[in-house]
Amino acid sequence: MYNAIEAYNEMITNGLTPCFQVNESVVYFEPVNETTWGWGTVTNTGILQPTMFNYDIDFSIDENLQAMLEDIESESSYV
């Protein structure tokens, strides 16, 4: 099982870009700490006002990504 940072590093190592395309927007995510990913639009200094997603170590990376995508899609600014 991975924590949020290890899972993110595993994705990067495997050549995956840490983002989702939701309608016309591209939403990026990055680890905030071992239990949280932050997601939002990106600027040249990082993610602009990231929304927090609690990474659950009891679930797989894919299950956490799916749950985070559902959170992103539920935000009115991305639908």
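Phe29 is buried, at a relative accessible area of 4%; buried means under 20% relative accessible area and exposed over 50%, with partly exposed in between (1.4 Å probe, protein chains only). This is a predicted model, where local features need pLDDT of at least 70 and side-chain atom pairs count only at pLDDT 80 or more, while totals for chains, interfaces and linings use all residues. Residues are numbered from 1 along each chain as its sequence is written, and side-chain values use heavy atoms, leaving out hydrogens and water.

Rings of Phe, Tyr and Trp (its six-membered ring) pair if their centres lie within 6.5 Å; planes under 30 degrees apart count as stacked, over 60 as edge-to-face and the rest as tilted. That rule gives five aromatic pairs. In one of them, the ring centres of Phe29 and Trp37 are 5.0 Å apart with planes at 45°, so this pair is tilted. Trp37 is itself buried, at 0% relative accessibility. Trp37 also stacks with Phe53, at 6.3 Å centre to centre and 25° between the planes. Tyr8, Phe20, Phe29, Trp37, Phe53 and Tyr55 make up one aromatic cluster.

## The buried face of H1

Tyr8 brings us to helix H1 (residues 4-13), whose buried residues are Ala4, Ala7, Tyr8 and Met11; helices (H or I, at least four residues) and strands (E, at least two) are DSSP runs, numbered from the N terminus. Seen down the helix axis, the buried residues of H1 fall within an arc of 100° (taken from the directions from the axis to the C-beta atoms), so they line one face.
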